[in-house]
Amino acid sequence: MADPLNRIQKIASHLDPAKPRKFKVALLGAAGGIGQPLSMLLKMSPYVSDLALYDVANTPGVAADVSHMSTAARVRGYLGPDQLGAALAGAALVIIPAGVPRKPGMTRDDLFNINAGIVRGLAEGVARHCPGAWVAIISNPVNSTVPIAAEVLQKAGVLNPAKLFGVTTLDVVRAEAFVGELTGTDPRDVHVPVVGGHAGVTILPLLSQARPPLPAGMSAEARKALMGRIQDAGTEVVQAKAGAGSATLSMAYAAARFADSCLRAMAGEGPVAEYAYIRHPPRLGSGASAAVAADLPYFSSPVRLGRLGVEEVLPLGPLDAMEAENFAAMKAELLGSIQKGVEFAAKGPAPAPAK
Ligand SMILES: NC(=O)c1ccc[n+]([C@@H]2O[C@H](COP(=O)([O-])OP(=O)(O)OC[C@H]3O[C@@H](n4cnc5c(N)ncnc54)[C@H](O)[C@@H]3O)[C@@H](O)[C@H]2O)c1
Ligand SMILES: O=C(O)C[C@H](O)C(=O)O
């Protein structure tokens, strides 16, 4: 058993009183189905000093409502493009759930035509007003919107791949919930790596590495069905909501958890273990090798977060036959989505220089 005093000393040694422990967080798309519950959860975070709630509609009401919660974070609402700069100025973390959700029968890629332009515009805002911020993108299709944001930031000369993330935490959360249900374990005690991307076959749960392990007698068909349920869980919610949108509450929970990891890492409480869809620069070490070997420049990977963002990409670990087959099957789709995002961003205008 770990010595509690050692543990406290270890944590304390990471904490530098000269470094900030609370940060401004900007939420873009704050009045939406995800944005509203996520605003509430962020207002409860001890790491948030200022919460900037930006949207093109309804932020005055959401901000007034959330600001009455008796927690320390200062809340301000920002409405429309004229106020985007003020929302972003000084932000350490920008979370982006702005954009339209799916309806039954649609794929995430069907959202590209609308959401690609929204994410491009908001990334241009980040490049101009808070170029050093960590950026967490929720808007779908994540497999393409993250490359779009990266290209915009790169064009502006401010891209730091260690601080740009596609949020795939909901896939991890779902895997934990489903494996917890199956094994009769509290989901908080379940660990299941989920890697790859965030759409159908590109979502790769590594069930062979699940802790606790799946029941020994579980058939190959049952394991395949569980993998399929995790991959199609977003569609399960879209169908159940029957035209009223996609996952919002579980997504807000997942995004709040991811934001907490980012803020703890910024505060020097790292290294913090997470999964995120990131661009793989070779300098991030051997963990990137599986993705790079497969020519996948973006890949949701196990990472360690520290003050500088992604400080280490961890190895995927061994894949069993079913997972290896899925890994091979995802490659073409993921590459196509990445390429689509890169080409879209290439057509856009060069963003204005940072302020
Ligand atoms: N990454 C994931 O795991 C995950 C999970 C669930 C949903 N999503 C995606 O998140 C997005 C949002 O979902 P939702 O259910 O909250 O949708 P929603 O329609 O309820 O809310 C979206 C919000 O974005 C706002 N918006 C639109 N254009 C904007 C702009 N240019 N600037 C700022 N705000 C803008 C809208 O006014 C609205 O309030 C969708 O694209 C959805 O597919 C991703
Ligand atoms: O499925 C969707 O369209 C939303 C989101 O990506 C999800 O996984 O729930």
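Start by selecting helix H7, residues 169-183; helices here are DSSP runs of H or I with at least four residues, strands are E runs of at least two, and both are numbered from the N terminus. H7 has 15 residues and reaches 21 Å from its first C-alpha to its last, close to the 21 Å expected at 1.5 Å a residue (the expected span is 1.5 Å times one less than the number of residues). This is a predicted model, in which local features need pLDDT of at least 70 and side-chain atom pairs count only at pLDDT 80 or more, while totals for chains, interfaces and linings use all residues. Residues are numbered from 1 along each chain as its sequence is written, and chains are lettered from A and ligands numbered from 1 in the order in which they are written.

Now colour the buried residues of H7: Thr169, Leu170, Asp171, Val172, Val173, Arg174, Ala175, Glu176, Phe178 and Val179. Buried stands for 20 or more other C-beta atoms within 10 Å of the residue's own, exposed for 12 or fewer, and partly exposed for in between, with C-beta atoms placed from the backbone.

What covers these residues? Show strands E7 (194-196), E8 (203-205) and E9 (272-279) together with helices H8 (220-231), H9 and H10 (249-266), which are among the elements covering them. Then step off the end of H7 to Gly184, where phi is positive, near 65°.

Move on to ligand 1, which 33 residues surround; Gly29, Gly32, Gly33, Ala98 and Asn140 are the closest. Helix H5 (residues 112-129) supplies the largest share around ligand 1, 4 residues.

For the last stop, find Pro271 in the loop between H10 and E9. Is Pro271 buried, partly exposed or exposed? Pro271 is partly exposed, because 15 other C-beta atoms lie within 10 Å. Leaving aside residues up to four places away in sequence, Pro271 touches Arg304, Leu305, Gly306 and Glu311 (contact is C-beta atoms, placed from the backbone, within 7 Å). Draw a distance from Pro271 to Glu311: their C-alpha atoms are separated by 8.3 Å, although the two residues are 40 residues apart along the chain.

Technical notes: Two residues are in contact if their C-beta atoms, placed from the backbone, lie within 7 Å. A residue is near a molecule or strand if its C-beta atom, placed from the backbone, lies within 6 Å of it.
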